[in-house]
Amino acid sequence: MTTGAQPLDELLGLLDLEQIDQDYFRGQSRSALVPRVFGGQVAAQALVAAGRTVPGDRLAHSLHAYFLRAGDPGAPIVYTVDRIRDGRSFTTRRVVAVQHGKPIFHLSASFQTYEEGLEHQADMPPAPDPETLPTPAEMLPRHLPADVARRLIEARAAVDLRYVDVPPWGSVGEPREPRSQVWFRANGKLDEYAADPLLHVCLATYVSDMTLLDSVLLAHGRGGWAVGDVVGASLDHAMWFHRPFRADEWLLYDQESPSAAGGRGLGQARIYTRDGRLAITVIQEGVVRVPRD
């Protein structure tokens, strides 16, 4: 690999699934902050599996997924691809991720050949330049115990992720507007993958599960999983890919939460390239429960 960053190389290795039969793929996992497989990893691997069965001239334009069971990080995950439809312009795939004989994740993804059409977009909101913001190594130890900060830095080492404002676990007990922004990019260059748009889409899918529910926590002054004042897990996840982008260039993740109710919180977001192009729309719902005493 020529990325120049070992954690990123390890992530790229996780996304390089082993094909064990036609339409069957196997992936491995890495340790996460909690004793289960990170949801963004499963979503990204499932999209890799789907994309490997699609002609290269058809680009992912949407995915819809459900997290069914917690994944076991110590066991491989088998991804089964169902070729739902191959049309003249669109291709649809369904992927089921299985561990220990049970489905843990389900994804539907659609791919499309490029075509010209009507175009407009929401304007990019204001945000400071990412270089002016503290790095994870500079920011996390300010707000978290040393061991938790170290584990979070290690878990996210493949990504350079910079918070525009103080994250939820830095303002516990202080409810704020349910909005948050982060800049992110792969922590290394991906020049040799410039012609592989699927990889960049899968890397963005991986990162999209890291911070989207932060805005839910902000509305209630909760710190989240890093401090243990809520119990949470992703339930479902949807993404629409509007325009080309590179995952090793800065992307602004502008997030908000319109609702929390019934032990669930909803996050919605837009991801922009640095020059202001709307690249991705994301919506996610997750379990957000206050632990019982």
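A residue counts as buried when its relative accessible area is under 20%. By that criterion, both Asp 160 and Arg 162 are buried in this predicted model. For Asp 160 the relative accessibility is 8%, so the residue falls under the cut-off. Asp 160 and Arg 162 form a salt bridge, with the closest N and O atoms 3.0 Å apart. Asp 160 also meets Arg 185 in a salt bridge, at 3.8 Å from N to O. Asp 160 belongs to strand S7 and Arg 185 to strand S8, so this pair ties together parts that are 25 residues apart in sequence. Arg 185 has a relative accessibility of 27% and therefore counts as partly exposed. Elsewhere, salt bridges that share partners join Lys 189, Asp 191, Arg 246 and Asp 248 into one network.

The whole structure holds 18 salt bridges. One of them pairs Glu 131 with Arg 274, the closest N and O atoms being 2.7 Å apart. This pair links distant parts of the chain, 143 residues apart. Glu 131 sits in the loop between S6 and helix H3 (136-143). Arg 274 sits in the loop between strand S11 (264-273) and S12. Both partners are partly exposed: Glu 131 has a relative accessible area of 47%, and Arg 274 one of 38%.

The strands were examined next. An open sheet is formed by 12 strands, in the order S1-S2-S4-S5-S6-S3-S9-S12-S11-S10-S8-S7. The pairing is antiparallel. Strand S1 (18-21) and strand S7 (159-163) stand at the edges with a single partner strand each, so one side of each lacks a neighbour in the sheet. From one strand to the next, the twist averages 25°. Strands S5 (residues 90-99) and S6 (residues 102-113) run antiparallel and are joined by 10 bridges. Gln 99 has Lys 102 in S6 as its bridge partner.

Helices pack on this sheet. Helix H2 (residues 39-51) touches strand S2 (24-27), strand S3 (58-67), strand S4 (77-86), S5 and S6. The direction of H2 makes about 50° with that of S6. Helix H5 (residues 197-211) also packs on the sheet, and its contacts include S3, S6, S7 and strand S8 (179-186).

His 200 lies in helix H5. Its relative accessible area is 2%, so His 200 is buried. Beyond four places in sequence, His 200 touches Leu 190, Tyr 193, Ala 194, Phe 245, Arg 246, Ala 247 and Asp 248. His 200 and Ala 247 are 47 residues apart in sequence, yet their C-alpha atoms are 5.0 Å apart.

Two strand residues complete the survey. Ser 62 is in strand S3. Ser 62 has 7% relative accessibility and therefore counts as buried. With neighbours within four places in sequence set aside, Ser 62 is in contact with Ser 108, Ala 109, Ser 110, Met 239, Trp 240 and Phe 241.

Asp 236 lies in strand S9 (residues 231-241). Asp 236 is buried yet has no salt bridge. The nearest side chain of opposite charge, that of Arg 264, is 7.7 Å away. A salt bridge requires a side-chain nitrogen within 4 Å of a carboxyl oxygen. A polar atom of the Asp 236 side chain does lie 3.2 Å from the backbone nitrogen of Glu 285. Residues touched by Asp 236, beyond four places in sequence, are Ala 65, Tyr 66, Phe 67, Ile 283, Gln 284 and Glu 285.

Definitions and conventions: Residues are numbered from 1 along each chain as its sequence is written. This is a predicted model: local features need pLDDT of at least 70, side-chain atom pairs count only at pLDDT 80 or more; totals for chains, interfaces and linings use all residues. Side-chain values use heavy atoms; hydrogens and water are left out. Helices (H or I, at least four residues) and strands (E, at least two) are DSSP runs, numbered from the N terminus. Buried means under 20% relative accessible area, exposed over 50%, partly exposed in between (1.4 Å probe, protein chains only). Lys and Arg count as positive and Asp and Glu as negative; His and the chain ends are not counted. A polar contact is a pair of N or O atoms within 3.5 Å; within protein, one must be able to donate a hydrogen and the other to accept it, and residues adjacent in sequence count only if both atoms are side-chain atoms. Contact means heavy atoms within 4.5 Å. Two strands pair if DSSP finds at least two bridges between them. Axes are lines fitted to C-alpha atoms, for helices over the stretch in contact, and angles run from 0 to 180 degrees between N-to-C directions.
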